[in-house]
Amino acid sequence: MRLTSSTRLLEGKKNNMKFGFDIDDTLIDLRAHAFALYNKKLGKNVGLEVFHAMQRVEIHEPFGLTDAEGAAMWNSSLEEIYFTDCPAFERALETLQELAQQGYDIYYITSRPKQYCEQTQAWMKAQGFPITEGHFFCGMQDTEKVAIIKELALDVYVDDKPAVLETLQDVNTKVILKNQSYNKHVELPRLNHWQDFLGLVNN
């Protein structure tokens, strides 16, 4: 794989940097994928402009579902949401592949339920994400991610959830927020497009 000029900008940094990534709505566009599935399953045609205006992580309200109905819908649809054809954000996959090719350590830290951990790791590998044995952490609550991030002493960590990143302000890890409609109020280094990731790391 040909390395991009932006990737070469990291060559001046230590070659054993550790990068950590959340998966859902950070590397892959899971909520938008689920939103399309909801439209199909419920026979609706709710537009993406509604999706992009949502201020909650949960996606059920535009479909007229209560919180209880929305939770039931999400939980009953998890395997379909997780393991069908959810796309990666543009340049996310290529960025991680380039980092791995240069020898940087890549860790995945996801709060997906424990029963889906093995299948999630296999699905990520099938999409081409570089996964090293022992570098895949899954099945914890969002609040428990912090302990793992601290224990790994990550240099950089990327997530979409403010609750995770805001609790990391007392550590040396550089935290980067993957831009989403529900985290606009948070003042942290913000990743709008994956092609800008390496620039954020270098700043």
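Strands E1 and E4 pair in the parallel sense over 3 bridges, where helices (H or I, at least four residues) and strands (E, at least two) are DSSP runs numbered from the N terminus, and two strands count as paired if DSSP finds at least two bridges between them. Within this pairing, Phe19 stands opposite Val156 in E4. The model is predicted, so local features need pLDDT of at least 70 and side-chain atom pairs count only at pLDDT 80 or more, while totals for chains, interfaces and linings use all residues. Residues are numbered from 1 along each chain as its sequence is written, and side-chain values use heavy atoms, with hydrogens and water left out.

The pairing of E1 with E4 belongs to an open sheet of 6 strands, ordered E3-E2-E1-E4-E5-E6 and paired in parallel. Strand E3 (136-138) and strand E6 (190-191) stand at the edges with a single partner strand each, so one side of each has no neighbour in the sheet. Helix H7 (residues 117-127) packs on the sheet, touching strand E2 (105-110) and E3, and its direction makes about 140° with that of E3. Contact here means heavy atoms within 4.5 Å; axes are lines fitted to C-alpha atoms, for helices over the stretch in contact, and angles run from 0 to 180 degrees between N-to-C directions. Helix H8 (residues 142-152) lies across strand E1 (18-21), E2, E3 and E4, and runs at about 165° to E2.

The individual pairings can be followed through the sheet. E1 and E2 are joined in the parallel sense over 4 bridges, and the bridge partner of Phe21 in E2 is Tyr108. Strand E4 (residues 156-159) is likewise joined by 4 bridges to strand E5 (residues 174-178), and these two run parallel. Tyr157, whose place is in strand E4, stands opposite Val175 in E5, and Asp159 has Leu177 as its bridge partner in E5. Tyr157 is buried, with a relative accessible area of 0%; buried means under 20% relative accessible area, exposed over 50%, and partly exposed in between, with a 1.4 Å probe and protein chains only. The C-alpha atoms of Tyr157 and Lys174 are separated by 6.3 Å, although these residues are 17 residues apart along the chain. E5 itself is mostly covered, with 4 of its 5 residues buried. From E5 the sheet continues to E6, the two strands pairing in the parallel sense over 2 bridges. The bridge partner of Leu177 in E6 is Arg190.

Attention may now turn to the nonpolar interior. In soluble globular proteins, nonpolar side chains tend to be buried together. A nonpolar core is defined as a set of buried Ala, Val, Leu, Ile, Met, Phe, Trp, Tyr and Cys residues joined through side-chain atoms within 4.5 Å. The largest such core has 49 residues, of which Phe19, Phe21, Leu27, Tyr108, Met124, Trp194 and Phe197 touch the most other members. Helix H2 (residues 30-42) contributes the largest share of this core, 6 residues. Leaving aside residues up to four places away in sequence, Leu27 touches Phe21, Asp22, Ala88, Phe89, Ala92, Leu96, Tyr108, Met124, Phe129 and Trp194.

Most residues other than glycine have a negative phi. Arg91, in the loop between helix H5 (78-83) and helix H6 (92-101), has a positive phi of about 75° although it is not a glycine. At 24% relative accessibility, Arg91 counts as partly exposed. Ala153, found in the loop between H8 and E4, also has a positive phi, near 55°.

For the protein chain as a whole, the secondary structure comes to 10 helices and 6 strands. The radius of gyration is 17 Å, close to the 17 Å that the globule rule gives for 203 residues, so the chain is as compact as a globular protein of that length; the radius is taken over C-alpha atoms, and the rule is 2.2 Å times the number of residues to the power 0.38. Along its principal axes the C-alpha trace spans about 50 × 35 × 30 Å. Buried residues make up 50% of the 203 residues. Among contacts between residues at least 6 apart in sequence, 66% join residues at least 24 apart.
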